[in-house]
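User: Hi! I'm new to this one and would like a friendly walk through it. Could you put it up for us?

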Amino acid sequence: MVKIYGIKNCDTMKKAFKWLDGKHISYQFHNYKTDGLSPQLLQSLLDLIDWQQLLNTKGTTWRKLDEATRYTVNDQTSAKHIMLQNPSIIKRPILVTDDKALAGFSDENYQQFFAS
């Protein structure tokens, strides 16, 4: 079963949903805002994806953090702390199968993800 993690109203999430639906790929959606983000779930994602790929430093949530806070995010532990406090700072969507994961969306990356 494919799981997709993110926030429902995100434009990138909508593109991913459309791509998966268009390819008739079944998935289970986990919405951070309604379903939450536990430390265990975040760690399971970090076990599959490096924290630097998971942390969205280009988004609004990151830019809204004060500079001192951003400066302290320099390893997995500090990144995990920020992500648990601000789930919307996690790159979206996160696509997970039993043994692999992909952060972000592009048609090409999704095609490669499902081809392998």
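User: Thanks! What share of the residues in the chain is buried?
Analyst: Buried residues make up 40% of the 116 residues in the chain. Buried means under 20% relative accessible area, exposed means over 50%, and partly exposed lies in between, using a 1.4 Å probe and protein chains only. This is a predicted model, where local features need pLDDT of at least 70 and side-chain atom pairs count only at pLDDT 80 or more, while totals for chains, interfaces and linings use all residues. Residues are numbered from 1 along each chain as its sequence is written, and side-chain values use heavy atoms, with hydrogens and water left out.

User: Good to know. How many helices and strands does the chain have?
Analyst: There are 8 helices and 4 strands. From the N terminus on, the order is β-α-β-α-α-α-α-α-α-β-β-α. Helices (H or I, at least four residues) and strands (E, at least two) are DSSP runs, numbered from the N terminus.

User: And how do β1 and β2 pair?
Analyst: In the parallel sense, over 5 bridges; strands count as paired if DSSP finds at least two bridges between them. Val 2 stands opposite Tyr 27 in β2. To get from β1 to β2, the chain passes through helix α1 (residues 11-22), and this β-α-β crossover is right-handed. Right-handed means that, with the strands pointing away from the viewer, the path from the first strand over the helix to the second runs clockwise.

User: Is His 24 buried or exposed, and why?
Analyst: His 24 counts as exposed because its relative accessibility is 73%.

User: Switching topic: which residues of α3 are buried?
Analyst: Leu 41, Leu 42, Leu 45 and Leu 46 are buried in α3. Seen down the helix axis, the buried residues of α3 fall within an arc of 140°, so they line one face of the helix. That arc is taken from the directions from the helix axis to the C-beta atoms. On the other side of α3, Gln 40 and Asp 47 are exposed.

User: Let's zoom in on Leu 46. What does it touch?
Analyst: Leaving out residues up to four places away in sequence, Leu 46 touches Trp 51, Leu 54, Gln 76, Lys 80 and Met 83. Contact here means heavy atoms within 4.5 Å. Leu 46 counts as buried because its relative accessibility is 7%.

User: Which residues touch the most other members in the largest nonpolar core?
Analyst: Of its 23 residues, those are Tyr 32, Leu 45, Leu 54, Met 83, Ile 90 and Ile 94. The elements giving two or more residues to this core are α3, α4, α7 and β3, and α3 gives the most, with 4 residues. A nonpolar core is a set of buried Ala, Val, Leu, Ile, Met, Phe, Trp, Tyr and Cys residues joined through side-chain atoms within 4.5 Å. A second, separate core of 13 residues includes Ile 4, Met 13, Ala 16 and Tyr 110.
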